[in-house]
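Thanks for coming, everyone. Have a look at the model on the screen, and then I will walk you through some of it.

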Amino acid sequence: MEHIISVTVENKFGVLSRVAGLFSGRGFNIESLSVAPTLDPSMSQMTIVTSGDERIVEQIVKQLNKLIDVIKVVDLNESEFVSRETALIKVHTKAEDRAEALRIADIFRANVIDSTPSTYTIEVTGDPKKLEAIINLLQPLGIKELIRTGRVAIAREAIRPAVSQPKKLARE
Amino acid sequence: MKLTGSEILIECLKAEGVKTIFALPGGVVLKIFDMLHQQNDIEVVLTRHEQGAGHMAEGYAKATGKAGVCLVTSGPGMTNVITALADAYMDSVPLVCISGQVSTSLIGNDAFQEADNIGLSRPCTKYNFLVKDVNDLAITIKEAFYIATTGRPGPVLVDIPKDVSLAKAEFTYPSSVAIRGYNPTYEGNKWQIKQAAEAIMKAKKPILYVGGGVVFSQAAKELLELAEMTQIPVDMTLMGLGAFPGEHPQSMGMLGMHGTYCANMAVHYSDLVIAVGARFDDRVTGKVSEFCPFAKVIHIDIDPTSIRKNIHVDIPIVGDCKAVLRELNQILRATVNGNQKDLRKPWWDQIREWQQAHPLAYQQEPEGAIKPQHVVKRLYELTKDRDPIVATDVGQHQMWTAQYFKLARPNRWLTSGGLGTMGFGFPAAMGAQAAFRDRLVLCVAGDGSIQMNMQEMATAVVSKLPVKIIILNNRFHGMVRQWQDLFYEGRYASSYLDTTPDFVKLAEAYGAVGLRAGKVGDLDAVLKEAISTDKPVVVDVPTYPYENCYPMIPAGGCNHEMILEDPPELKRRMAGVPSTGSDENKDTILTA
């Protein structure tokens, strides 16, 4: 089963290779990995999309925690979360296709961020299904290049009821 | 006052209480060696190969319980020490390895003797540091010792570029460290410990399965109390030998691939396995899906990743063995009563039956070739009163030593378990000897494995480390030969060593003492002479070459399905083979 694991690490050189080395050395799967500094510049946040049965994911989380440069590990699948991915798609557009490309972009609330007489570069953000859908639609037009960021994810905040209600209920 | 990086390093080592380091110089660490040369607080044992330095530091660490320290140069110095780092990582040995690196301005330029030390050591160290600024050196060394010796111990590498060893900085040694991503759990969860105590009270057929964690956390006393109070038999892993007295009536000896019949049967049929500081290694579990099929499992370990890595655990307790056992004993002391003894009477009857059915055994003819087991047994009998430290290499001789040398206390057993490193024993023994100059340190080796670090004989002689090496010389890679006999129809592919050197002359060439016990009758006298000699000694004992190590669980087999003696087809095949291991029969052995 697919799991999204959020890992807070020290922002210093070599940390990415420690994490990547852990996955390759122990035969764990990485489907995607994204990393960038957090609000505190001494830390970075990684979002790792991986897969495996319960026992393997338990080992992944434990082994990540064991790394000395890892500060916090959260298996987002243990609660509600939202995830997003961005793709930049460079589409070949013949004159007769240009309007169609823009229509497709519009349907998916995607933006055209670069344009030449023969290409559009379209930026689209969403969950993987949405990205697959727009890619499928653009493919007949001719995709010249496609770059995906890999997923980032964040836990959903528990929905807070009206202020007047007792605090206890907030957890329910 | 400002000090150079080299001086800072030495001051840090002194502050950590380091008395001995194992080292081999080279271009980028010359400044460090120059400063070591000008002080008297730290002894430098100059080894002949960096692998030797690493294993010596391991032996030092295993015997003392403190971090061992080795110092190597960049490039080949680093690559040579990697085997020792990997060994220490597998067996959780606290080690601090200082490696030299080319100057920071040259890193990445393929400079002379440059290697990516951090990249090379990453998968075989607990942590590693590259020190780019001399101002970070002191805190880095502090952190290195802290990481190496706390939690589940392990090797830590500190890579010091040449310019950092020359640059100057103010020196203050930090009194404490805090690493936000590293906080080992020492105290076990109280509720879980209570659950464990309840399970222990109820169990009819419990077994303690104890490993190296008990040795490292110095929990032997707590273990003894637990075992005696609850009358539970004790199985030890290879790394756990010495954690429980080998001659104790509750000791089942070692379990696993070459464990005793009783230890393996007991763990297979038990209803409660209490694993303490052990990690359910494949050499212990055999076929993992059928390991202790009738048992509930309690697992006490400081490393959360060890728990549920290989088998399902019912009561996991993350914590230091000593702290957890102390807590557990406290609960049990209040609740345990005579009932457990009655409850477990049938279990003990069964265990005694297993012990009598298949004790460890070998046949030694009074005039025949010397049996390797007999050598270990005699060595044990002759030295046990002197509380020796025993090192081994890897192979048949290691398993026989594990079976027949019944250690009474922890920190006496130096062996390579996880990585199975041939060539480990001799340098490890020297490391222990460097820590305890007056103790008797033995190294049981095979004729194959001793040759993997034989060059350290020069170190032993020069640095006056009077280790006693007993070579069980069967002129084979014995364990390989055993597997070939059992599973490859006796085709001895690259297992016969043929031109074995004359170990007596070799020892003498190095300036050590060489002895040989050619006949069973000579054995005691030669061993006695060796242990009373105040120099490094090599005792060459030609042994029966076709002796196999039993019991044996074939790889992937089940713990209650042991091979207890040569199978009939092997006996038939061996019928025409000469029974002596003396030199005259070399040719016959080759064609056998």
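Some ground rules. This is a predicted model, where local features need pLDDT of at least 70 and side-chain atom pairs count only at pLDDT 80 or more, while totals for chains, interfaces and linings use all residues. Residues are numbered from 1 along each chain as its sequence is written, and chains are lettered from A and ligands numbered from 1 in the order in which they are written. Helices (H or I, at least four residues) and strands (E, at least two) are DSSP runs, numbered from the N terminus.

Back to our helices. Two packed helices are described by the angle between their axes and the distance between the axes. Helix α8 of chain B covers residues 190-202, and helix α13 of chain B covers residues 321-335. Their axes come within 9 Å and cross at roughly 50°. Axes here are lines fitted to C-alpha atoms, for helices over the stretch in contact, and angles run from 0 to 180 degrees between N-to-C directions. That angle makes α8(B) oblique to α13(B). For the cut-offs: under 35 degrees is roughly parallel, over 145 roughly antiparallel, 65 to 115 roughly perpendicular, and the rest oblique.

Who makes the contact? From α8(B), the residues include B:I193 and B:A197. From α13(B), they include B:L328 and B:I331. Contact means that the C-beta atoms, placed from the backbone, lie within 7 Å. By class, this contact has nine nonpolar, one polar and two charged residues. Ala, Val, Leu, Ile, Met, Phe, Trp, Tyr, Cys and Pro count as nonpolar, Asp, Glu, Lys and Arg as charged, and the others, Gly among them, as polar.

Another helix pair, still in chain B. Helix α1 (residues 5-15) and helix α2 (residues 30-37) of chain B have axes that come within 8 Å and cross at roughly 55°. So α1(B) is oblique to α2(B). Their crossing is right-handed. B:L9 of α1(B) and B:M35 of α2(B) are among the residues in contact. The classes here are five nonpolar, one polar and two charged.

Now a strand. Is strand β12 of chain B, residues 272-276, mostly covered or mostly open? Mostly covered: five of its five residues are buried. Buried means that 20 or more other C-beta atoms lie within 10 Å of the residue's own; 12 or fewer is exposed, and in between is partly exposed, with C-beta atoms placed from the backbone. B:L272, B:I274 and B:V276 point one way, and B:V273 and B:A275 the other.

Strand β9 (residues 206-210) of chain B runs parallel to β12(B), joined by five bridges. B:Y209 stands opposite B:A275. Strand β13 (residues 296-301) of chain B also pairs with β12(B) in the parallel sense, over five bridges. There, B:V273 has B:V297 as its bridge partner. Strands pair if DSSP finds at least two bridges between them.

Over to chain A. Four strands form an open, antiparallel sheet in the order β2-β3-β1-β4. The edge strands are β2 and β4 of chain A.

Last, where the chains meet. The contact takes 16 residues from chain A and 13 residues from chain B. On chain A's side, α2(A) gives the largest share, six residues.

Terms used. A crossing is left-handed if the near helix is turned anticlockwise from the far one by less than a right angle, and right-handed if clockwise. Two residues are in contact if their C-beta atoms, placed from the backbone, lie within 7 Å.
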